[in-house]
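Colleague: I would like to go through this model with you. Please put it up, and I will ask as we go.

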Amino acid sequence: MLDMILLEAHEEELRSVLRAEDGVEASAYVMFGTVDIAADPWTGEARKRLVSHQVIPVPDEDRISASGVHVTWSTRSFVKLLKKAEAGGMTLGIVHTHPGSHAFFSDQDDRNEANLLQIVSNRSGPGYRFASMVLGGDGTICARVWTSPGAVASCQRVLVAGRKLVLHGVARGAVDEMLDRQARLFGPDFNPVMRTFKIGVVGCGGTGSPVAMLLARLGVGHLLLVDDDTIELTNLNRVHGSKRSDVENGAAKVDVIAREIRDAELGVHVATFKGWVGDRGVRDALRSCDVVFGCTDDHDGRLFLNRLAYFYGIFLIDMGVRIIPASNDRPYEMAARVSVVGPAAPCLLCRGLVDPIVARDEALKRVDPGEYERRKEEAYVSGGGDPAPVVVTFTTETASMAVNEFLQGLTAFRGAGGMKFERRRRFDTVEDRSSTCLPRDGCEMCASAGVWGRGDVEPFLYRIG
Ligand SMILES: [Zn+2]
Ligand SMILES: [Zn+2]
């Protein structure tokens, strides 16, 4: 099983580099980050994913000829980049257009690409691989990977990820009567697309539980639930699906949500992980997702998801609720926030939405609880205090806003601009706003494209300690 995430920013760059003049085919290189997944959480099988990391135009001097049906180029720059990819654990891709048709691999493409790898193997020895992608003039995309001159693996799906989420390669399935009423709104392709989506929900409390339930009702095919907590008595006011007996049994939040979704028999495959999102044991599962919903108020966990979004092109739809009760000298302050984070959007740190000091203290509490308690007594670390007020209607509305943002990315029901990077709703003043901010100078996630789509690196996410 092989799939691909093509960053929207890279697709736009490719389409402009490759803009056909007079219907002539054009070509470019793409360096892909590689993702090696030992066990997909839904099938248990190994799979691979490529994520676009960098677009590299073919140097003019290397172009030999091009016409409406073919393009060839010298192998000089190809071999150089192939070796660079190999050394960095990446995969080089060649991309060309079929200006007058949809995306497909022609017989000539088959011959050219097999030859290309043969030439490389003859010259540089076996063991090289490369990806190939075709952009159709109608906007379609297809991709595959050559692993030896005779062996090719086709990419089952290509997700273009950015403000918009466009899935290529999904076959139209049989009509699903259960989901008929939403097909009437979003069209017959909507349900089959939803069925192939793989979505992570990190945090299964006040916002995460309704996010998971809503995604299940929308017909998302694969859900991953991640949370370390068990259901407590004070959770019953907002965690959808939770029961008093779950408190008595010490049930894990992920198991409660999974039980409710499975019991409903909606055709959703649910995988769970009880633990912290940054744990090694959930890496395969997270890297298998297409999109992740961030439903946790754990700063360190959100910092982790923030990095994951840029390295893997797995967009993060992060949310938060802020409720401050009225007091003598001030009115209520009640707000929801939904942030879309990933390559070409500002990161959570630059938006000031994650406090690195709090994240550090949370990490200490997790790794060395004794030391954390000692420092807390001396007031060196944050944490503790009274729990914040929270009410189910507002957490659930925040979840709806977040899932609707995802729907906007898929269907453009609010217009062609795609998802908003940041939306806020004031419940107390009935106001909706979208805002934006710029990356801070030097931010290695969002101020430059250096880590975008880099995929697997050592150490993981270049996170040390
Ligand atoms: Zn072709
Ligand atoms: Zn940033």
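Colleague: Which residues are linked with Asp 290 in a network of salt bridges?

Modeller: This is a predicted model, where local features need pLDDT of at least 70, side-chain atom pairs count only at pLDDT 80 or more, and totals for chains, interfaces and linings use all residues. Residues are numbered from 1 along each chain as written, chains are lettered from A and ligands numbered from 1 in written order, and side-chain values use heavy atoms, without hydrogens and water. A salt bridge here is a side-chain nitrogen of Lys or Arg within 4 Å of a carboxyl oxygen of Asp or Glu. By that rule, the network links Asp 290 with Asp 3, Asp 40, Arg 47, Arg 49 and Arg 157.

Colleague: How far apart are N and O in the salt bridge of Asp 290 and Arg 157?

Modeller: Side chains of opposite charge can pair when their charged atoms come close. For the side chains of Asp 290 and Arg 157, the N to O value is 2.9 Å.

Colleague: What are the bounds of the domains, and how many salt bridges are counted between them?

Modeller: Bounds come from an automatic or database domain assignment. That assignment gives domain 1 (2–161) and domain 2 (177–452). Their centres, taken over C-alpha atoms, are 34 Å apart. Between domain 1 and domain 2 the count is two salt bridges.

Colleague: What area is buried between domain 1 and domain 2?

Modeller: Buried area is the accessible area (1.4 Å probe) that two parts lose on being put together, summed over both. Carbon and sulfur atoms give 60% of it here. The area between domain 1 and domain 2 is about 1700 Å².

Colleague: Asp 456 and Arg 287 also meet in a salt bridge. Which parts of the chain does the pair link?

Modeller: The side chains of Asp 456 and Arg 287 come to 2.8 Å, N to O. The two residues are 169 residues apart. Helices (H or I, at least four residues) and strands (E, at least two) are DSSP runs, numbered from the N terminus. Asp 456 lies in the segment after strand E19 (431–434), and Arg 287 in helix H9 (residues 283–287).

Colleague: Is Arg 287 buried or exposed?

Modeller: Buried means under 20% relative accessible area, exposed over 50%, and partly exposed in between (1.4 Å probe, protein chains only). Asp 456 has 24%, so Asp 456 is partly exposed. Arg 287 has 7%, so Arg 287 counts as buried.
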